[in-house]
Amino acid sequence: MLNIVLFGPPGAGKGTQSQNLIARYNLVHLSTGDLLRSQIAQGTELGLRAKRLMDEGLLVPDEVVIGMIESQLANNTQANGFIFDGFPRTVAQAEALDALTQRYDTGISCMIALEVAEEELVKRLLERGKTSGRPDDQDETKIRRRVTVYNTETAQVAGYYAEQGKFHSLNGIGPIDDIFQQICEVINKHQPATSVTDSQEATDEVKA
């Protein structure tokens, strides 16, 4: 199973690249942001609680996020793999994710971080805020707070995966297709043997 953690600060382009990766590798997309917004749209107690935190640019408690992730893993046991977008955001979550995936006889294949300078992130998010309708995309103070949270807390996860030999840093500024190609080159080095074999067999069938 191919499990990828796509990492980077808000506005780094994770959402766009996630969609490209899903199409290329046939993965299930697990975005904690999307899961939380779904709860918010449904008006659940969890959704209302999460909305208050997200509107202030703060993180949702680990137990809430991990519970949602486990539910998705349990409902997609036949998946080719998963792409984790925006998760894990703390070392504690990374450790919990390792323990969780082990229970499903799998693990994280690699972690890819898209690096983008803060001023570019602010510019991107303010522009996105014109159409996203998200309060935290429309307030520069909240945007910079989110970037600060990433730099002081979330970025520590990079060290966790680096110790496992799974961390890769890529420049998140440039043509989308070029960045995608670089991501694929990293992923292909970490694909499980079975996935590589299956891909080769599929290619051979097409040639035949």
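Mentor: Begin with Leu 6, which stands opposite Asp 85 in β3. This is a predicted model: local features need pLDDT of at least 70, side-chain atom pairs count only at pLDDT 80 or more, and totals for chains, interfaces and linings use all residues. Residues are numbered from 1 along each chain as its sequence is written, and side-chain values use heavy atoms, with hydrogens and water left out.

Trainee: Which residue is the bridge partner of Leu 6 in β4?

Mentor: Ile 112.

Trainee: And how do the strands run?

Mentor: β1 pairs with β3 (residues 81-85) in the parallel sense over five bridges. β1 and β4 (residues 110-115) also run parallel, joined by four bridges. Two strands pair if DSSP finds at least two bridges between them; strands are DSSP runs of E, at least two residues, and helices are runs of H or I, at least four, both numbered from the N terminus.

Trainee: Why is β1 largely enclosed?

Mentor: Six of the six residues of β1 (residues 2-7) are buried, so the rest of the structure largely encloses it. Buried means under 20% relative accessible area (1.4 Å probe, protein chains only).

Trainee: Which residues sit on each side of β1?

Mentor: Leu 2, Ile 4 and Leu 6 are on one side, and Asn 3, Val 5 and Phe 7 on the other. In a regular strand the side chains alternate between the two faces of the sheet.

Trainee: Now the whole thing. How many helices and strands?

Mentor: Ten helices and five strands. Of the 208 residues, 43% count as buried. The C-alpha atoms fill a box of roughly 55 × 35 × 35 Å along the principal axes.

Key. Buried < 20%, exposed > 50% of the residue type's maximum accessible area, 1.4 Å probe, protein only.
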